[in-house]
Amino acid sequence: MNKLDAKTDHYRNLARTLGYRSRSAFKLLELNKKYRIIKRNFFVLDLGCAPGGWMQVSKKLVGSQGKVVGVDISNIDEIKGTHFIKTDIYYSQNMDNLIKYFGRKIDSVICDISPQVIGVRSLDHIKQIELINKCVQIMDSILSKNGNALFKVFDGEHAQQFKRDLKSRFIKFKATKPKSSRKSSSETYCVGLGYL
Ligand SMILES: C[S@@+](CC[C@H](N)C(=O)[O-])C[C@H]1O[C@@H](n2cnc3c(N)ncnc32)[C@H](O)[C@@H]1O
């Protein structure tokens, strides 16, 4: 087994042992430890949440007084104490209703959304950029002043522009790659702290 496979395997096994639904859970745990994107009692929206690894982590972080709402086109098995909405993020009626589920503007938006990748990096990149730009629009309508955000972006020709747009909305911004992300993967995670 090469080093890369061993690392992938390590996080997959760890996820199984700890009861997380995805190895992505470790990316959020790692980034949150460093940047405190989600804190106790926070209201959190998870865009592109299936199968629910980030929702599991978020629920633990916010505790019983916080709220976690996940959105995905694919179904997920229930995660106790969270709310799931099965919808396409482009279906604006459901997105407009989000605020009703929370009852107020929220504290964090996290977004690990990816299209069904076809393996052609440039095309996968463009599809993902479209998705995350839509998610930024949703964020703009629901994130409270001083709120935080986490967005995955695939590297490619539009990534820099996306990072600039996101950065302009926050007091602090960092683009980073967590250790638990595969070296070969083209993903970067953008952290925004203190929504303006
Ligand atoms: C990498 S997965 C998210 C993994 C998740 N963070 C976890 O820890 O379990 C990306 C998700 O984006 C969702 N997605 C892609 N396009 C979408 C759309 N238009 N509307 C809603 N969800 C979408 C996919 O269905 C997929 O479940």
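**Entry 1, the model.** Before looking anything up, I noted that I am working from a predicted model.

I began with the strands and found an open sheet of 7 strands, whose order is 3-2-1-4-5-7-6 and whose pairing is mixed. Strand 3 (83–86) and strand 6 stand at the edges with a single partner strand each, so one side of each has no neighbour in the sheet. From one strand to the next, I read an average twist of 15°.

I then looked up strand 1 (residues 43–47), which pairs with strand 2 in the parallel sense over 5 bridges; here Asp46 stands opposite Gly70 of strand 2. Strand 4 and strand 5 also pair in the parallel sense, over 5 bridges, and I noted Phe151 in strand 5 as the bridge partner of Cys111. How enclosed is strand 5 by the rest of the structure? I found 9 of its 12 residues buried, so strand 5 is largely enclosed.

Next I asked which strands helix 2 (residues 25–35) lies across. I found strand 4 (106–111), strand 5, strand 6 and strand 7, with helix 2 running at about 40° to strand 7. Helix 6, for its part, lies across strand 1, strand 4 and strand 5, and its direction makes an angle of about 175° with strand 5.

In helix 7 (residues 159–167), I recorded Ala159, Phe162 and Leu166 as buried. Seen down the helix axis, the buried residues fall within an arc of 60°, so they line one face of helix 7. On the other side of this helix, I found Gln160, Gln161 and Arg164 exposed. What covers the buried residues of helix 7 includes helix 6 (121–142), together with strand 5 (143–154), strand 6 (170–176) and strand 7 (187–195).

How values were computed. Residues are numbered from 1 along each chain as its sequence is written. This is a predicted model: local features need pLDDT of at least 70, side-chain atom pairs count only at pLDDT 80 or more; totals for chains, interfaces and linings use all residues. A residue is buried if 20 or more other C-beta atoms lie within 10 Å of its own, exposed if 12 or fewer, and partly exposed in between; C-beta atoms are placed from the backbone. Helices (H or I, at least four residues) and strands (E, at least two) are DSSP runs, numbered from the N terminus. The arc is that of the directions from the helix axis to the C-beta atoms. Two residues are in contact if their C-beta atoms, placed from the backbone, lie within 7 Å. Two strands pair if DSSP finds at least two bridges between them. Axes are lines fitted to C-alpha atoms, for helices over the stretch in contact, and angles run from 0 to 180 degrees between N-to-C directions.
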